[in-house]
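Thanks for coming. Please have the sequence and the model open while I talk.

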Amino acid sequence: MHGYLATICRDLGADLARVGGVADHVHIVTTLPRTLSQSELIERIKKASSKWIKTLDARYRGFFWQRGYGEFSVSQSQLDAVLAYVEAQHEHHHTRTFQEEYRELLRRHGLEFDER
């Protein structure tokens with residue numbers, strides 16, 4: 001899946017830095033192509049990857065991405081730390097679930113969110 005997501009990003013004109021994640025979520029560190037808005041980029045990544053995974057095996061026919069997503073800007077000075085974080089997803093989520101971490105990130109930055 002990660003390799004396929006990387007290919008989609010490159011095909012859309014995004015400079016990919018890293019794809020990583022665990023069973024229940026994925027992180028993509030990439031630039032935003034000049035020809036797409038943030039929402040268009042995510043929509044195209046989700047659509048192409050969902051279509052692809054459904055062709056792999058009958059058991060994936062019901063696959064779908066969640067409706068929402070999180071998107072964050074990263075300054076050049078923090079890029080190495082973010083890349084290391086993405087690389088360490090398996091170890092990182094042994095101590096904290098993605099949901100716990102995401103809620104804390106949103107709270108820390110004063111962002112409202114809907115638990116649904």
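The buried residues of α1 (2-11) pack against β1 (16-22), β2 (25-30) and α2 (38-56). This is a predicted model, where local features need pLDDT of at least 70 and side-chain atom pairs count only at pLDDT 80 or more, while totals for chains, interfaces and linings use all residues. Residues are numbered from 1 along each chain as its sequence is written, and side-chain values use heavy atoms, with hydrogens and water left out.

Some terms. Helices (H or I, at least four residues) and strands (E, at least two) are DSSP runs, numbered from the N terminus. Buried means under 20% relative accessible area, exposed means over 50%, and partly exposed is in between, with a 1.4 Å probe and protein chains only. Contact means heavy atoms within 4.5 Å.

Which residues of α1 are buried? They are Leu5, Ala6, Ile8 and Cys9. Seen down the axis of α1, these fall within an arc of 160°, so they line one face of the helix. The arc is taken from the directions from the helix axis to the C-beta atoms. On the face turned away from that buried side, α1 carries the exposed residues Arg10 and Asp11. After α1 comes Gly13, with a positive phi near 90°.

Next, α2. With 19 residues at 1.5 Å a residue, helix α2 should span 27 Å, and its end C-alpha atoms are 28 Å apart, which agrees. The expected span is 1.5 Å times one less than the number of residues. Buried in α2 are Leu41, Ile42, Ile45, Lys46, Ser49, Ser50 and Ile53. They cover an arc of only 145° around the axis, which puts them on the same side of α2. Glu43, Lys47, Lys51 and Thr55 are exposed on the other side of α2. The buried residues of α2 pack against α1 and β2.

Strand β2 contains His27. Is His27 buried or exposed? At 16% relative accessibility, it counts as buried. Its side chain makes a polar contact with the side chain of His25, at 3.3 Å. A polar contact is a pair of N or O atoms within 3.5 Å; within protein, one must be able to donate a hydrogen and the other to accept it, and residues adjacent in sequence count only if both atoms are side-chain atoms. Neighbours within four places in sequence aside, the contacts of His27 include Arg18, Val19, Tyr85 and Gln89.

Last, the aromatic rings. Rings of Phe, Tyr and Trp (its six-membered ring) pair if their centres lie within 6.5 Å; planes under 30 degrees apart count as stacked, over 60 as edge-to-face and the rest as tilted. By this rule there are four aromatic pairs. The ring centres of Phe72 and Tyr102 are 6.4 Å apart with planes at 75°, so this pair is edge-to-face. The pair links distant parts of the chain, 30 residues apart: Phe72 is in the loop between α2 and α3 (79-87), and Tyr102 is in helix α5 (residues 98-108). Phe98 and Tyr102 form a stacked pair, 5.5 Å centre to centre with 20° between the planes. Phe98 and Tyr102 are four residues apart in α5, about one helical turn. Together, Phe72, Phe98 and Tyr102 form one aromatic cluster.
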